[in-house]
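Here are some notes for a first look at this entry. Please keep the structure open while you read.

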Amino acid sequence: MTAYCEVALPVPLDRTFTYAVRLGQAPQRGARVIAPFRNEKLIGVVTALDVTPEGDFETRYLEAVLDDEPLVSDQLLELAEWIAGYYLAPLGEVLRGMLPLVAEVSRTVYYRITDAGRDALATMVEGEGDGDTTADPSTSPDAHSASGFARDDRDSGGLDVEVSQPLGRKRPKGGARKGKARAEEHEMQFRVLKRLAEGEPVKVSTLRTATAVSLPALTSLVRKKWIARETSAAERDARRIERFAVLIPEARLPKLTEKQQAILAELAACGGEILLADLREKDLPSSTVQTLVRRGLVRIEERPAVFHLGGLTPASDAPIELNDAQRQALDTVTAALGAFHAFLLFGITGSGKTAVYLAAMQKALDRGFSSILLVPEIGLTPQMAGLLDRAFGEKVALLHSALTPEERSEQWRRIRRGDAPIVVGTRSAIFAPAPNLGLILVDEEHDQSYKQEETPRYNARDVAVMRAKLAGAVAVLGSATPSLESWHNAAQGKYTRIDLRERVMNRPLPGVELVDMRREFQETGQEQLFSRALVAETKAALERGEQSLVLLNRRGYSFAVICRACGEKLDCQNCAIALTHHKPSDEDGLARAGQRLECHYCGFRRTVPARCPKCDSEHLFYLGAGSQQGEERLQEIFPDARIGRMDRDTVRGRHDLERLLARLHSGEINLLVGTQMIAKGHDIHGITLVGVVGCDHALSMPDFRAAERVFQLISQVSGRAGRGELPGRVVVQTYYPDHYAIVAATANDYASFAERELKYRRWMHYPPFGALANVLVRSPKLEEAAGWAATLGKYLVQNQNSGAVRVLGPCTAPIARIKGVYRFHLILKAASRKALNATLRGLMAHAEKAEIPRRHLVVDVDPQRLM
Ligand code: ADP
Ligand code: ZN
Ligand code: ZN
């Protein structure tokens with residue numbers, strides 16, 4: 001009799017699928033399988049065995065079973081099921097995010113012709129397709145790019161993801177060119193159909209070489225249903241291999257060229273072997289190595305790559321002696337090891353939380369437990385890596401977004417084998433398969449990067465607590481500015497609070513000076529970016545040879561361009577968002593076009609018009625200063641300062657951040673301007689002054705977390721000052737000097753901020769009081785989005801769960817259009833989580849009945865943003 005199993009697949013559908021098991025296959029719960037789904041081969045995870053298929057449609061067979069044993073432990077499967085339920089996310093998509101193993105499977109895309117395609121081909125004019133078919137090899141796609149599990153940059157689109165137009169290629173414009181382009185596309189399609197009509201499905205790479213077809217043209221053929229896309233999946237060896245050149249010692253030396261001698265000398269100096277990559281870095285060419293190999297003097301060896309943590313070597317080698325408060329915190333945490341307990345470590349900036357984390361992980365290790373330390377997106381600095389390396393060496397595994405798929409898979413396997421009981425990483429590291437997990441630490445638990453803004457929309461901080469519960473482990477959430485959710489949980493007794501009230505070595509917190517910018521304007525008669533106080537303090541700090549930070553929390557030069565004559569604001573053509581003005585930077589490809597306007601949501605760019613596109617006036621006005629303008633102004637005021645800038649324009653890759661931080665640590669940069677990136681946990685002892693220039697504009701945003709964000713940002717950036725021997729100072733410029741978030745941040749008074757903010761949240765029924773969800777309805781067609789939103793709104797009015805759930809909306813989202821997609825939303829506030837979950841489930845079921853495609857709906861439970 002055929003056996004059946006249940007499989008969770010990474011598709012945007014809230015269900016699992018039944019498959020038949022072939023003789024000889026022995027899938028286990030938690031093992032990965034390859035399963036046929038529509039025209040694709042998908043990788044799924046077995047969630048149940050020995051099931052009975054429902055309905056009388058034919059059940060398909062599993063293509064392959066990838067693991068002999070469960071890859072996902074019962075504990076992680078249970079966690080995945082909890083996430084799927086809590087966040088209303090498809091279980092298969094949750095599991096995909098848990099297993100960072102894309103490198104272990106290769107995917108190939110094929111196309112085949114359909115019957116409709118054959119009909120279309122027959123009606124096409126004979127001879128038309130015999131054009132030039134020279135292929136452009138540069139456009140050949142990567143047919144083997146593995147998709148399936150844990151694609152990091154995926155959109156929430158799931159099955160419908162299509163390859164978009166490659167950047168840099170322009171769409172043809174204008175009438176005549178349009179006609180020509182259409183004819184070209186027509187010819188292209190003809191060539192494709194003709195090639196596919198020969199029979200078997202053809203690999204995308206082969207097809208593109210043979211017909212020079214573009215990806216958009218293929219997509220359009222699929223939409224017309226003339227051709228169909230199929231994928232296959234197969235296992236692939238993801239181990240990283242390193243190649244070494246190894247000296248063959250007994251050989252007698254013949255006559256050698258200078259280069260050959262240099263290589264042999266290098267090899268001898270390195271003890272007889274060296275990584276080929278290192279030779280290349282020393283400008284010793286691999287062709288010469290090959291010659292040496294042929295002459296029998298060197299051989300090449302391939303070995304599995306070894307992982308190096310690296311990082312910055314800590315300044316002092318002496319281990320930190322914990323102070324009394326730190327020791328007490330450590331004792332409290334370690335006493336709880338062995339069973340579930342959640343702590344909120346409320347420690348002011350510079351109180352030495354990191355040292356407590358490291359000591360706690362050591363204690364856990366001593367008792368045979370593994371630990372996970374979560375850090376914010378850019379929190380894993382070389383400094384932190386250096387500390388970890390010194391403390392734990394090769395016991396550390398790293399999981400963050402900058403790893404290659406092979407590296408990620410390698411780290412994951414090391415953790416699972418138990419080779420690396422110290423796991424450090426960003427958000428998704430909370431799913432690390434750490435055996436015998438005893439301790440989970442979440443550094444800067446308030447940080448927004450813990451919230452994933454795509455399906456599944458989980459918050460790693462909350463998942464951390466749930467995982468600790470399932471594992472019987474201790475969770476420690478640490479922050480100087482805890483989220484109000486965690487603060488409230490501590491007040492309710494769900495978490496135990498541990499306080500670190502003083503900075504280490506009795507260092508004082510920086511004194512804060514508030515500058516009322518309205519008064520500054522009255523007194524100087526000028527709208528200035530930097531107040532007199534900030535300029536004077538910066539000058540003094542520079543003269544004393546100390547370092548300063550200036551926060552300007554927007555990137556770009558100006559936030560908006562407005563016409564003075566007609567009031568027109570220059571918006572993005574795809575989004576309801578003002579374009580940001582950027583000046584050219586050196587390495588920028590657009591430099592020749594001079595300045596540009598850029599959309600920070602979709603990346604759309606255009607040149608700066610000389611005149612208003614609406615009324616043709618020349619009086620365009622640039623509003624608001626971003627970090628780029630801040631840098632320029634500071635350079636004018638302090639021509640001798642060594643200025644650096646840290647924002648998403650200057651920090652694109654991981655190494656940019658490392659380089660910038662290294663220049664700060666060395667003192668090469670003595671004045672750093674940047675966005676909120678500069679506020680993130682950096683521990684640079686030379687900084688004595690922090691200026692907060694632009695951050696309170698957030699207070700006027702339609703966002704219930706605005707005050708919390710502003711409080712956190714000011715407190716965190718202020719916390720960068722005075723961490724060394726010299727005391728720090730902070731100058732905060734504001735237009736809202738009386739706002740409680742600003743007043744409390746200035747006084748370093750989290751508790752009174754929280755009290756005030758909680759009152760407001762309770763009154764407004766916002767988290768942490770009750771549960772909140774944001775339901776977003778999206779469509780490129782305005783009427784469609786509006787219609788669906790109205791349908792859902794009507795359902796909610798009729799099914800309000802007897803008043804347990806309040807509904808706001810439907811209305812247009814604060815950002816009404818992004819990337820050409822219209823956005824409406826409904827906000828649900830419920831007294832209980834159960835009521836919220838039940839209402840959302842009802843809503844989704846209704847949406848399915850009303851035939852609203854699932855991928856046009858976004859359900860965000862515990863949203864960070866309502867934009
Ligand atoms: P935060 O609480 O802001 O995360 P860190 O953990 O970065 O603080 O610690 C701030 C600084 O204090 C670091 O440079 C760290 O090396 C140092 N430090 C931590 N604990 C001690 C201690 N017990 N004695 C001396 N210096 C310490
Ligand atoms: Zn105008
Ligand atoms: Zn845009």
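1. **A charged pair.** A salt bridge is a side-chain nitrogen of Lys or Arg within 4 Å of a carboxyl oxygen of Asp or Glu. Arg299 and Glu301 form one, with the closest N and O atoms 2.9 Å apart. Arg299 is partly exposed, at 37% relative accessibility. Glu301 is partly exposed too, with a relative accessible area of 22%. Bear in mind throughout that this is a predicted model.

2. **Salt bridges elsewhere.** How many salt bridges does a search of the whole structure find? The search finds 52. One of them joins Glu230 to Arg112, whose closest N and O atoms are 2.5 Å apart. This pair links distant parts of the chain. Glu230 sits in strand 8 (residues 227–235) and Arg112 in strand 6 (residues 105–113), 118 residues apart. Arg112 counts as partly exposed, at 28% relative accessibility. In general, side chains of opposite charge can pair when their charged atoms come close.

3. **A further pair and a network.** Glu784 and Lys781 also meet through their side chains, in a salt bridge of 3.9 Å from N to O. Glu784 has 26% relative accessibility and is partly exposed. Salt bridges also build a network: Lys451, Glu453, Arg457, Asp860 and Arg865 are linked in it.

4. **Zinc ion, ligand 2.** Which residues coordinate the zinc ion (ligand 2)? They are Cys563, Cys566, Cys612 and Cys615, each through SG, at 2.3 to 2.4 Å. The site is tetrahedral, with angles of 104 to 112° among the four donor atoms. As a reference, the ideal angle for four tetrahedral donors is 109.5 degrees. Along the chain the donors follow the spacing C-x2-C-x45-C-x2-C. Cys563 and Cys615 link distant parts of the chain, 52 residues apart. Cys563 belongs to strand 21, while Cys615 lies in the loop between strand 24 and strand 25 (620–623).

5. **Burial at that site.** Is Cys563 buried or exposed? Cys563 is buried, with a relative accessible area of 2%. Cys615 is partly exposed, at 34%. Cys566 counts as partly exposed as well, at 32% relative accessibility.

6. **Zinc ion, ligand 3.** The zinc ion (ligand 3) has Cys572, Cys575, Cys599 and Cys602 as its protein donors. Each gives its SG atom, and the donors lie 2.2 to 2.4 Å from the ion. This site is tetrahedral, with angles of 101 to 114° among its four donor atoms. The sequence spacing of the donor residues is C-x2-C-x23-C-x2-C. Cys575 lies in the loop between strand 21 (560–563) and strand 22 (580–582). Cys599 lies in the loop between strand 23 (596–598) and strand 24 (605–607), so the pair ties together parts that are 24 residues apart in sequence. Cys575 is buried, with a relative accessible area of 1%. Cys599 is buried, at 1% relative accessibility.

7. How many disulfides does a search of the whole structure find? It finds zero. A disulfide, in general, is a covalent bond between the sulfur atoms of two cysteines.

8. Five strands make an open sheet in the order 2-1-4-3-5, with antiparallel pairing. Its edge strands are strand 2 (17–21) and strand 5 (64–65), and each pairs on one side only. Strand 1 (residues 3–8) runs antiparallel to strand 2, and five bridges join them. Ala3 stands opposite Val21 in strand 2. Strands of a sheet pair through backbone hydrogen bonds, either parallel or antiparallel.

9. **Helix 3.** Look next at helix 3 (residues 115–123), where Gly117, Ala120 and Leu121 are buried. Down the helix axis, the buried residues of helix 3 fall within an arc of 100°, so they line one face of the helix. The other side of helix 3 carries exposed residues: Asp115, Asp119, Ala122 and Thr123.

10. **Thr746.** Where is Thr746 placed? Thr746 is in helix 21 (residues 740–746). Its relative accessible area is 18%, and Thr746 is buried because the cut-off is under 20%. Thr746 and Gln733 are 13 residues apart in sequence. In space they are 11 Å apart, C-alpha to C-alpha.

Note on methods. Residues are numbered from 1 along each chain as its sequence is written. Chains are lettered from A and ligands numbered from 1 in the order in which they are written. This is a predicted model: local features need pLDDT of at least 70, side-chain atom pairs count only at pLDDT 80 or more; totals for chains, interfaces and linings use all residues. Side-chain values use heavy atoms; hydrogens and water are left out. Donors are N, O and S atoms within 2.8 Å of the metal (3.2 Å for Na, K and Ca); water is not among the atoms, so sites may look incomplete. Four donors count as tetrahedral if all angles lie between 85 and 135 degrees; four count as square planar and six as octahedral if opposite donors are over 155 degrees apart and all others between 65 and 115; anything else is irregular. Helices (H or I, at least four residues) and strands (E, at least two) are DSSP runs, numbered from the N terminus. Buried means under 20% relative accessible area, exposed over 50%, partly exposed in between (1.4 Å probe, protein chains only). Two strands pair if DSSP finds at least two bridges between them. The arc is that of the directions from the helix axis to the C-beta atoms. A disulfide is a pair of cysteine sulfur atoms within 2.5 Å.
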